[in-house]
Amino acid sequence: MAELTSSDPKESAEPDVSDDFVTRSHELGSLRYTSTAGRLVLRKEESKDGKSEGFKAKAEIFVTSYVAESAENRPVVFAFNGGPGSSSVWLHMGLLGPRLVDSGDVGALTPAPYGLLDNQNSILKHADLVMIDPVSTGFSRVVKGGKDDEFHAFVEDRDLVAEVIRLWTTRNNRWLSAKYLVGESYGTLRAVAVAARLFDAYGMAINGLGLISTVLNMSTLDFAPGSDTPYALHVPTYAAIAHFHGRHPGRELAEVVTEAEEFAAKDFGYALSQGNRLSDTEYDEVVRRLAAITTLSEGFVRRSNLRWDYSEFSAELLREEGLTVGRIDGRFTQKNLRGQASINWDDPSLNAINGPYAAAVNHYIRSELGYQNDLPYEILTGRVQPWSYKTFEGRPIEVAEDLERLLNYNDNLRVHVDYGYHDGATPHFAAEYVWAHLNISAEARERFSHHYHQAGHMMYLNPQCREDQLSALAEFVHG
């Protein structure tokens, strides 16, 4: 892909397309800071018949930055969510930013019309912050006449986000600042890919990667025919969610999860690899243990031939109680409106938090940051589908090799990882599987820090988990 860049709007073929940033001053306790919110125009150099046609506007990317009013050269955190199709609202207003959504947590959700709270331990206390919404999320769009799907692809999305970071760093004279990328979910895969792009294309070295609810190899999550690995990697998460709902009475979560991990890695992994070569006695024993660990019935385990995906687990775990469990966060439940359905794709956890986050971000951007736009703020959109992974044709979708390379090139690169035990979207054991297969030195492994939380994909919904995350992230950016 040709390099994206920015130019003087007067030189553009479309002079009416220009940045539209709004700047305001704020205080958070004793910290004075400036917010800048708006859409950054990205341009691409094009040519025809060997002749340059100049830099043409391609996309307008919504960026929100917070910079402390301080002379010191503070670190900078660049952050984004994933999806693909998610805006940055979750990390922005759930964890990192100066203002938080008053959403409550499972069992104590805040009713509409919701509200906002000061984030007294915001990462802004320790680093400047830049939140990025990729194309078709938030207020980010392609320009008039552009093709929506041009940036709905792994490589093009990677290059665009990298260019936003390069431009912001250059315009704000921050090349000599420590730089951190923080991503969540698909945003973790994006973070590693963007870090590699920044180094390869511009020589920009990143100091640290913050990976929240991690997926760096999609094959660990893809319940595809002929691939048994994901079935084993989800078992500890099933056990943890069952424990939360009282299905392992009298036992501690750590005990339940450890038992599930050992079974998944050894006996269950072996059983899956053997297929119908297992004897009847061996098969019966695996059924018994798998049912006990997940608390699903032996009948269900047999009918599934030891293999089921998360949508089936969601429908089955609390079927007798008439409930389904969440995927993003297995602590959440809702009434099962189709009690005999074998699968459930309606996520109780997303249904519970979409309202508070939508209300908060739409109020906050306009009323407190001062940015006005009549476009709908796309929080979590399907407009980016189908997402193109054409660069991975014929091989797994993964960036573990990029991470290996970055750790090898940069002896000071550090990696912070957050896991949610009740996260059915990116199970902790799947991420650990990837780390175990990285071809890196023992010294490089020491540059990882691992943090486990008794919550889901967005573990910061739990106030104590959020404070624990922020404390660890503050230590992380201080090096």
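Tutor: What follows looks at one helix, then at its neighbours and the loops after them.

This is a predicted model, in which local features need pLDDT of at least 70 and side-chain atom pairs count only at pLDDT 80 or more, while totals for chains, interfaces and linings use all residues. Residues are numbered from 1 along each chain as its sequence is written, and side-chain values use heavy atoms, with hydrogens and water left out.

Begin with helix α5, residues 235-244. Helices here are DSSP runs of H or I with at least four residues, strands are runs of E with at least two, and both are numbered from the N terminus. Eight of the ten residues of α5 are buried, so this helix is largely enclosed by the rest of the structure. Buried means under 20% relative accessible area, exposed means over 50%, and partly exposed lies in between (1.4 Å probe, protein chains only). The buried stretch runs through Val235, Pro236, Thr237 and Tyr238, and continues with Ala239, Ala240, Ile241 and Ala242.

What do these buried residues pack against? Their partners are α4 (229-233), α6, α7, α9 (310-316) and α12 (428-436), where contact means heavy atoms within 4.5 Å. Just after α5 comes Gly246, which has a positive phi of about 80°.

Two of those partners, α6 (residues 253-274) and α7 (residues 280-294), also pack against each other. Two packed helices are described by the angle between their axes and the distance between the axes. For α6 and α7 the angle is about 150° and the axes are 11 Å apart. That makes α6 roughly antiparallel to α7. The axes are lines fitted to C-alpha atoms, for helices over the stretch in contact, with angles from 0 to 180 degrees between N-to-C directions; under 35 degrees counts as roughly parallel, over 145 as roughly antiparallel, 65 to 115 as roughly perpendicular and the rest as oblique.

On the α6 side, the contact is made by Glu259, Ala260, Phe263, Asp267, Phe268 and Ala271. Val286, Arg289, Leu290 and Ile293 supply the α7 side. Sorted by class, seven residues in this contact are nonpolar, three are charged and none is polar. (Ala, Val, Leu, Ile, Met, Phe, Trp, Tyr, Cys and Pro count as nonpolar, Asp, Glu, Lys and Arg as charged, and the others, Gly among them, as polar.)

Now follow the chain onward from α7. Thr295 sits in the loop that leads from α7 to α8 (298-303). Its phi is near 65°, a positive value in a residue other than glycine. Most residues other than glycine have a negative phi. Is Thr295 buried or exposed? With a relative accessible area of 14%, Thr295 is buried.

Beyond α8, the loop to α9 holds Asn305. Asn305 is another residue other than glycine with a positive phi, near 55°. At 40% relative accessibility, Asn305 counts as partly exposed.

To put the pieces together, α5 has eight buried residues, and α6 and α7 are among the helices packed against them. The α6 and α7 pair is roughly antiparallel.
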